[in-house]
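Take a look at the fold below.

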Amino acid sequence: MAAPRPDPYPMIRDLFGDATIRFLASHTPAPVATYRLETPVPRVARTPPATVQANGLRIEYDTFGDPAHPPLLLVMGLAGQMVAWDEEFCARLAARGLWVIRFDNRDIGRSTWLDHEPVPSVVALLRAQRRGLPVRVPYRVPDMADDALGLLDALGVQSAHVVGVSMGGMIAQTMAIQAPERVRTLTSIMSHTGEPDLPHPHWRASASLFIPAPRTPQTALRRAVDVWRVLNGPRMPVDLARTRAQAELALSRGRNPAGTARQLAAILATPSRAAGLRALRVPTLVIHGEEDPLVPLEGGLRTAAHVPGAELEVIPRMGHALAPPLWGRIIDRITAHVSSR
């Protein structure tokens with residue numbers, strides 16, 4: 001078999017990608033150097049990153065706060081490593097009397113990369129779905145929920161408060177549906193129910209995620225700020241210093257574009273959770289940004305409408321990101337929700 005021909009236009013593709021994301025970001029507010037928060041960062045105990053075996057995979061995690069306090073599991077979204085949960089955000093949560101656990105999902109960061117699995121074609125997957133044909137993917141969202149439950153098992157945690165953002169919200173919802181006895185409370189942030197009739201993302205948000213993956217870490221770092229400018233939405237400036245620092249940290253822990261494609265395929269191939277959410281009796285809080293360009297507000301409204309007794313918090317100016325000026329409100333709502341149960 002002949003060796004595959006090298007791509008003759010890699011530099012052109014990178015330049016095109018850079019120009020496209022710059023154009024998309026040009027319609028958003030200019031970044032701020034950094035946000036200065038009113039209260040100082042609390043000092044809390046924390047553990048260094050460690051790994052456990054969970055659901056047959058290696059899962060990396062770390063913790064903030066006192067393990068004698070109620071556990072709170074943070075579940076990150078598509079392509080997001082555990083470090084996307086800002087250390088300061090985690091410390092502020094832990095200072096409220098919670099043992100905060102964050103971790104890398106499968107196929108990202110320093111958890112197991114499923115390199116032996118094929119990289120799905122998202123276009124082919126969408127085409128098959130439109131035609132009502134069965135789709136084959138390496139895994140689905142319920143498999144990722146089993147990873148998170150396996151992490152709790154490995155840590156000796158019988159049940160935990162669970163907070164998920166975006167895809168992490170889908171995983172958290174699935175944990176509560178599959179194992180309600182393991183989920184003390186559910187907080188679903190900027191996520192949705194998986195129903196096919198939900199509004200589509202804004203075209204700029206979709207375009208920012210479907211640009212061909214950058215070839216080099218340098219290109220990835222260059223694009224990170226502009227991608228987050230788009231996802232932050234039309235009214236919330238991105239924090240330049242924090243965004244660059246998180247991107248550098250994530251790149252130092254490993255880039256896995258193939259894993260991101262598999263995670264996206266898992267989202268697309270997972271059926272609606274609507275029926276399971278209607279039957280859910282886990283205390284639920286739904287938080288959603290009024291200006292979310294990737295998961296429009298209807299996704300959060302629909303989630304809250306399905307879950308009996310769910311609380312809903314719609315935050316003005318919030319896009320598809322946990323912007324530092326909103327941390328106080330988000331943390332207040334999470335801690336009030338978990339402490340009342």
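Ala 160 has Val 183 as its bridge partner in strand E6. Strand E6 (residues 183-189) and strand E5 run parallel, joined by five bridges. Two strands count as paired if DSSP finds at least two bridges between them. Strands (E, at least two residues) and helices (H or I, at least four) are DSSP runs, numbered from the N terminus. From E5 the chain passes through helix H5 (residues 167-178) to E6, a right-handed β-α-β crossover. Right-handed means that, with the strands pointing away from the viewer, the path from the first strand over the helix to the second runs clockwise.

This is a predicted model: local features need pLDDT of at least 70, side-chain atom pairs count only at pLDDT 80 or more, and totals for chains, interfaces and linings use all residues. Residues are numbered from 1 along each chain as its sequence is written, and side-chain values use heavy atoms, without hydrogens and water.

E5 also pairs with strand E3 (residues 71-75), in the parallel sense, over four bridges. Here Leu 73 has Val 162 of E5 as its bridge partner.

How enclosed is E5 (residues 160-165)? Six of its six residues are buried, so the rest of the structure largely encloses E5. Buried means under 20% relative accessible area (1.4 Å probe, protein chains only). In a regular strand the side chains alternate between the two faces of the sheet. Ala 160, Val 162 and Gly 164 are buried on one side of E5, and His 161, Val 163 and Val 165 on the other.

Met 175 touches residues including Leu 73, Val 162 and Val 183, leaving aside those up to four places away in sequence; contact means heavy atoms within 4.5 Å.

Methods
Buried means under 20% relative accessible area, exposed over 50%, partly exposed in between (1.4 Å probe, protein chains only).
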